[in-house]
Amino acid sequence: MESLIGLLVAAPLLGALVLLTGGRRLDRAGHWLGTALAATSFVLAVVLFFDLLGRADGDRTLHQHLFSWVPVAGFQADIAFQLDQLSMTFVLLITGVGSLIHLYSVGYMEHDPRRRRFFGYLNLFLAAMLLLVLADNYLLLYAGWEGVGLASYLLIGFWQDRPRAATAAKKAFIVNRVGDIGLSIAIMLMFTTFGTFAFGPVLSSAAETGEGTLTAIGLMLLLAACGKSAQVPLQSWLGDAMEGPTPVSALIHAATMVTAGVYLVVRSGAIFNAAPDAQTVVIVVGAVTLVFGAIVGCAKDDIKKALAGSTMSQIGYMMLAAGLGPIGYAFAIMHLVTHGFFKAGLFLGAGSVMHGMNDEVDMRKYGGLRKYMPVTFITFGLAYLAIIGFPYLSGFFSKDEIIYAGFAKGGTQGWILGSVMLLGAALTAYYMTRIMLLTFFGEKRWQPDAHGHEPHPHESPATMTIPMIVLAIGSVGAGFAFNLNESFAHWLEPVTGLAHGDSPVGHGTVSLAATAVMVIGVGAAYLQYGRRPAPVVAPAGSFVTRAARRDLLQDDFNHAAFVTPGTYLTRGLVYVDHKLVDGVVNGLAAAFGGLSGRLRRVQNGYARSYAVSMFGGAAVLIAVTLLMRAV
Amino acid sequence: MSPDNYLYLAALLFTLGACGVLLRRNAIVVFMCIELMLNAANLALVAFSRMHGNLDGQILAFFVMVVAAAEVVVGLAIIVMLYRSRHSASVDDASLMKL
């Protein structure tokens, strides 16, 4: 069974190689090849999953050692995989949602002349993401980490002829680079501290290491996680990343890649458990992001950007839960999986709407679409109910567990965290209801575009609706299945540990409160957008709304704090380089040039003058010799 | 007669030769002056040989003669070719090798 692990990564990697090097002759069937290889990975993952289920609880970790990459004394870099309950969960999510989105893309990208290349990139992403979660050491994880970053860059900028997409791709890549530096520093720190970067030795010896070192490693890991998972302060790239094709937004920027940061924190749980300060920072980052993203999501009129704000906010929940330690790890992952279902479903629904509306993304120009797109409406609606935490749908279980874990942190902290998360839940209900009402309810608000083409909203083809239906089923049922006898938490317990903490409020009270704030959020959105027709042109709005439309001034802040000083710094350095460094070098060269120009006059071509210098030189030599002898 | 006088004569001849090389333009004359310098050196070598009472200087003088003969062969050939191509044997006319 171990030998299958490598194949999980190899199948999509093969697809990427074939599709990206195969040329135009693959244009006709390339997308099906990519989809088939993604599905192959999924089948392998299911086989491995049942193999793991068949084993005893403590025996569910498989290793596969492919080869030693850099075997130097004291530095062992291996290409080796580790499949345990945590990676298995991710592998199923990645390959499952990945295969569905491959299928969806067959329909969505039907009219794109570069569809084959798109599938090559998607397969490349799958391979890198699987490498990330299957690696058995931090160095190989880093390779996958960079791989998904590359795939994300290529896919955000897939329509590279659009300047906005090209810029967004660069922005995502550069902001991620800041986080990646954190990961590389963390790996270096691990190597100097533990002498290795394999998960096993590092995590098992973390408890006996100095807290200062662990805090440093933890903070660097958190920096990496912030970059990849779009957490404050490295969140600014996610909204712009929505320039990519919608299946990419669903797969990479909602369901899988952006959750890699949560994976990193949970995987490194042993380090964070022994470094409470780092944990506190993780919690703060998560709490700030969950409110930040929710506020941004409330103000955006672009349906994908509103969903991106929501993604940020939901990952904030996961990050917060991961910062809570063993009382939260399992639930962070559980929310991650359910979020993978409903957020992917929401994005695919949004893509389906855009597909029918001539790629219009402004929700104020939708309206009343439920009549035209019934399947999209129902699947989107189920995912919507799941994300706002409608009782007994998946978001209800996973989010309530996180809120409960927040209260269980205990003391004043617990109350603060719980309240912040309840506020986030209310905002979630508000912005999701707003999206729902603006898109599917009310009167139709679309108008002919500049060329006089009026959109004719229609239901999408089956390749697109089938994935949406499957994801909707997952959104509805996953939470209930996971919560049955706490099966999900117990499944992960050997890897992440599980503790219950002691909450000042009971489970039931938390669920009740979460449901109450959800109703408040939905009600507020209904009062604002449901009772009267929404204006087609966005009203000016309050100060907060205007700020939220500009992503709460994140770009202005980055510009003022980093871009402008950086520009001045480089300008100054260029000036110094030109005037000082180049000046010295050029001056030296000019001096020697002038000197040689004078010296070459000696060479006048007259044999007799050369003879004079010869005689003179000989005379000088003899004189010196005689003088030396005399002295 | 003291051997010193031979050395004075050698020095005189050498100086004459050097002046000729520096001052005369005709390549043949310059060439002859070089020969004069070589023979001045030979004279000094033989004189030293006599003074030290061994044959080292004389042997060296023979070497110089052989080398001078070879030099004459090459040098005269060059001068003849030079004269044929430019109808002049002046060393100052052959001043093309300069920057």
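# Notebook: a look through chains A and B

I began with chain B: of its contacts between residues at least 6 apart in sequence, 56% join residues at least 24 apart. Contact here means heavy atoms within 4.5 Å. Before going on, I noted that this is a predicted model, where local features need pLDDT of at least 70, side-chain atom pairs count only at pLDDT 80 or more, and totals for chains, interfaces and linings use all residues. Residues are numbered from 1 along each chain as its sequence is written, chains are lettered from A and ligands numbered from 1 in the order in which they are written, and side-chain values use heavy atoms, with hydrogens and water left out.

**Chain B, continued**

I looked up the secondary structure of chain B and found three helices and zero strands, in the order α-α-α along the sequence. Helices (H or I, at least four residues) and strands (E, at least two) are DSSP runs, numbered from the N terminus.

Next came the dimensions. The C-alpha atoms of chain B fill a box of roughly 50 × 25 × 25 Å along the principal axes. Its radius of gyration is 16 Å, while a compact globule of 99 residues would have one near 13 Å. That radius is taken over C-alpha atoms, and the globule rule is 2.2 Å times the number of residues to the power 0.38.

I then checked burial: 29% of the 99 residues in chain B are buried. Buried means under 20% relative accessible area, exposed over 50%, and partly exposed in between (1.4 Å probe, protein chains only). The accessible surface of chain B is about 6800 Å², and 73% of that belongs to carbon and sulfur atoms. These areas come from the Shrake-Rupley method with a 1.4 Å probe; for residues, only the protein chains shown count as cover.

B:H87 sits in the segment after α3 (56-86) of chain B, and at 63% relative accessibility it counts as exposed.

**Chain A, overall**

I counted 24 helices and two strands in chain A. The C-alpha trace of chain A spans about 115 × 65 × 55 Å along its principal axes. Buried residues make up 54% of its 631 residues. Of the contacts in chain A with a separation of 6 or more, 80% are between residues 24 or more positions apart. The accessible surface of chain A comes to about 25900 Å², with 68% belonging to carbon and sulfur atoms.

For domains, the assignment of chain A gives domain 1 (283-302 + 312-539) and domain 2 (559-630); such bounds come from an automatic or database domain assignment. I found the C-alpha centres of domain 1 and domain 2 of chain A to lie 72 Å apart.

**Aromatic rings**

I found 24 aromatic pairs over all chains. Rings of Phe, Tyr and Trp (its six-membered ring) pair if their centres lie within 6.5 Å; planes under 30 degrees apart count as stacked, over 60 as edge-to-face and the rest as tilted. The rings of A:F49 and A:W491 have centres 5.5 Å apart and planes at 75°, so I logged this pair as edge-to-face. The pair links distant parts of the chain, with A:F49 in helix α2 (residues 30-53) and A:W491 in helix α20 (residues 487-496) of chain A, 442 residues apart. A:F49 is partly exposed at 21% relative accessibility, whereas A:W491 is buried at 11%.

I set A:Y104 and A:Y108 beside them: centres 5.8 Å apart and planes at 15°, so the pair is stacked. Both lie in helix α3 (residues 85-108) of chain A, four residues apart, about one turn of the helix. A:Y104 and A:Y108 are both buried.

I also traced a cluster in which ring pairs link A:F118, A:F119, A:Y121, A:F158 and A:W159. The charged end of A:R114 sits over the ring of A:F158, 4.6 Å from its centre. Likewise, I saw the charged end of A:R177 over the ring of A:F173, 4.7 Å from its centre. A charge sits over a ring if NZ of Lys or CZ of Arg is within 6 Å of the ring centre and within 35 degrees of the ring normal.

**Backbone notes, chain A**

I marked a cis peptide bond between A:V232 and A:P233, with omega about 10°. A:P233 is in the loop between α8 (211-229) and α9 (237-240) of chain A. A:E486 has a positive phi of about 50° although it is not a glycine, and A:E486 lies in the loop between α19 (462-483) and α20 of chain A.
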